[in-house]
Amino acid sequence: MEIVLATRNAKKIEELRRLLKGIGFTLLSLESFPDCPEVEETGSRFEENAIEKAQTVARFTKKPAIADDSGLEVDALSGAPGVLSARYAGEGATDKDNLNKLLKNMHSIAEGKRQARFVCVIALAYPDGKVKTFEGSVEGSIAKVAMGRHGFGYDPVFYPKGFRRTFAEMSHSEKDSLSHRQKALRKLHEYLIHEKQKT
């Protein structure tokens, strides 16, 4: 069976393919469907955005589609950037723009009050409208400065709980073993294996 990854983010595609390796399905990206419409993320929750993206792509491609919405929730910022994580510094913002805004807003926050978490909700939508969601999260805190060259997004400023290295300072395999996306994908993986066994 073919499943479409509902994203054009090359680093996210690479991570999803790495984490879903061995499930026995062919994973396609939106590069195979250049006319597929962009989906505006207007939901107030990660789940709403993931479902909307997955259902739009499933309807267009006539194939099952996987979409995720994920982001960073910072306690000292009342949960921001949250669903606005990818555009925290405005529409068209780069990862660096978003990081700089976050660090600026966190500048005066004391060491013990920098708690945060990464949250990921993955939606699997079928062309007939059926949809399932899977969630994962990882607790941690925000660093004072960006560190590390791996990963993407807010990885350079996120210390997962129990570590004094950011996600961007970790190898792919180490980050994958801890990440919010990996936790959600593990649940998706188990579901897909179960579905495959039924056919």
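I started at Ala-123, which sits in strand β4 (helices, H or I, of at least four residues and strands, E, of at least two are DSSP runs, numbered from the N terminus). This is a predicted model, where local features need pLDDT of at least 70 and side-chain atom pairs pLDDT 80 or more, while totals for chains, interfaces and linings use all residues. Residues are numbered from 1 along each chain, and side-chain values use heavy atoms, with hydrogens and water left out.

Buried or exposed, I asked of Ala-123? Ala-123 is buried, because its relative accessibility is 0% (buried is under 20%, exposed over 50%, partly exposed in between, with a 1.4 Å probe and protein chains only).

Next I looked up what Ala-123 touches: Ala-50, Ile-51 and Val-131 are among them, leaving out residues up to four places away in sequence (contact means heavy atoms within 4.5 Å). Ala-50 is 73 residues away along the chain, yet the two C-alpha atoms are 5.4 Å apart.

Leu-72 has Phe-118 in β4 as its bridge partner.

I traced the whole sheet too: it is open, with 6 strands in the order β2-β1-β3-β4-β5-β6 and mixed pairing. β2 (26–29) and β6 (158–160) are at the edges with a single partner each, so one side of each has no neighbour in the sheet.

Last, the helices. I found α2 (46–61) across β1, β3, β4 and β5, at about 160° to β3 (angles run from 0 to 180 degrees between N-to-C directions of axes fitted to C-alpha atoms, for helices over the stretch in contact). Helix α5 (180–198) lies across β1, β3, β4 and β5 too, at about 155° to β5.

Terms used: Two strands pair if DSSP finds at least two bridges between them.
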